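Welcome, and please take a moment to look over the sequence and the 3D view before reading on.

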Amino acid sequence: FVVEKFGNSFLVNINTASAEELCTLTGIGESRAADIRAYREEQGGFSCIEDIMLVSGIKEGMFKKLKNMIYVE
């Protein structure tokens, strides 16, 4: 199960989340979820949450919206 409860919020593990789970994140639709999963498969996963900005279309602005909603393990 990739959604973890931390305090009062739920976080998504971007290294193991399904497309459906990624789509629960602000600003992430089916296409971007597919990009995240493709990057993860090609690169062997994310080392830190900031690595999500290496995915095409995810820059600092979107990262700021996502950073409190994601984690890596």
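This is a predicted model: local features need pLDDT of at least 70, side-chain atom pairs count only at pLDDT 80 or more; totals for chains, interfaces and linings use all residues.

## The overall layout

Let us begin with the whole protein. It contains 3 helices and 3 strands, and read from the N terminus these elements run β-β-α-α-α-β. Of its 73 residues, 36% are buried. Among contacts with a separation of 6 or more, 44% involve residues 24 or more positions apart.

How confident is the predictor? The average pLDDT of the protein is 90, and 88% of the residues score at least 70. Confidence is lowest in strand β1 (residues 3-6), where the mean is 56, and highest in α2, where it is 97.

## Helix α2, from end to end

Helix α2 covers residues 30-43.

Which residues of α2 are buried? They are Ala33, Ile36, Tyr39 and Arg40. Viewed down the axis of α2, the buried residues fall within an arc of 125 degrees, so they line one face of the helix.

The face of α2 turned away from the buried side carries Glu30, Ser31, Glu41 and Glu42, which are exposed. On the buried side, the cover over those residues includes α1 (19-22). After α2 comes Gly44, which has a positive phi, near 80 degrees.

## The nonpolar core

The largest nonpolar core has 18 residues, and the members that touch the most others are Leu22, Ile28, Ile36 and Ile52. Helices α2 and α3 each supply at least two residues of this core.

Setting aside neighbours within four places in sequence, Ile36 is in contact with Ile14, Leu22, Ile28, Phe46, Ile52, Val55 and Ile58.

## A pair of rings

How many aromatic pairs are there? The count comes to 1 aromatic pair. The ring centres of Tyr39 and Phe46 are 5.1 Å apart and the ring planes meet at 20 degrees, so the pair is stacked, the limit for stacking being under 30 degrees. Both Tyr39 and Phe46 are buried.

## Residues outside the helices

Asn15 sits in the loop between β2 (9-13) and α1. Is Asn15 buried or exposed? Its relative accessibility is 16%, so Asn15 counts as buried, the cut-off being under 20%. Beyond its neighbours within four places in sequence, Asn15 is in contact with Arg40, Gly45, Phe46, Val72 and Glu73.

Val72 lies in the segment after β3. With a relative accessibility of 23%, Val72 counts as partly exposed. Not counting residues up to four places away in sequence, Val72 touches Asn13, Ile14, Asn15, Phe46, Ser47, Cys48 and Ile49.

Met69 belongs to the loop between α3 and β3, and its relative accessibility of 22% makes Met69 partly exposed. Apart from residues up to four places away in sequence, Met69 touches Phe10, Leu11, Val12, Thr24, Leu25 and Thr26.

Ser47, in the loop between α2 and α3 (60-66), counts as exposed at 66% relative accessibility. Asn68, in the loop between α3 and β3 (70-71), is exposed too, with a relative accessible area of 58%.

The table gives C-alpha separations for some of these residues and a partner elsewhere in the chain.

| Pair | Separation along the chain | C-alpha separation |
|---|---|---|
| Met69 and Leu11 | 58 residues | 4.8 Å |
| Ser47 and Tyr71 | 24 residues | 9.8 Å |
| Val72 and Glu50 | 22 residues | 9.8 Å |
| Asn68 and Ile49 | 19 residues | 9.7 Å |

Notes. Residues are numbered from 1 along each chain as its sequence is written. Side-chain values use heavy atoms; hydrogens and water are left out. Helices (H or I, at least four residues) and strands (E, at least two) are DSSP runs, numbered from the N terminus. The expected span of a helix is 1.5 Å times one less than its number of residues. Buried means under 20% relative accessible area, exposed over 50%, partly exposed in between (1.4 Å probe, protein chains only). The arc is that of the directions from the helix axis to the C-beta atoms. Contact means heavy atoms within 4.5 Å. pLDDT is the predictor's confidence in each residue, from 0 to 100. Rings of Phe, Tyr and Trp (its six-membered ring) pair if their centres lie within 6.5 Å; planes under 30 degrees apart count as stacked, over 60 as edge-to-face and the rest as tilted. A nonpolar core is a set of buried Ala, Val, Leu, Ile, Met, Phe, Trp, Tyr and Cys residues joined through side-chain atoms within 4.5 Å.
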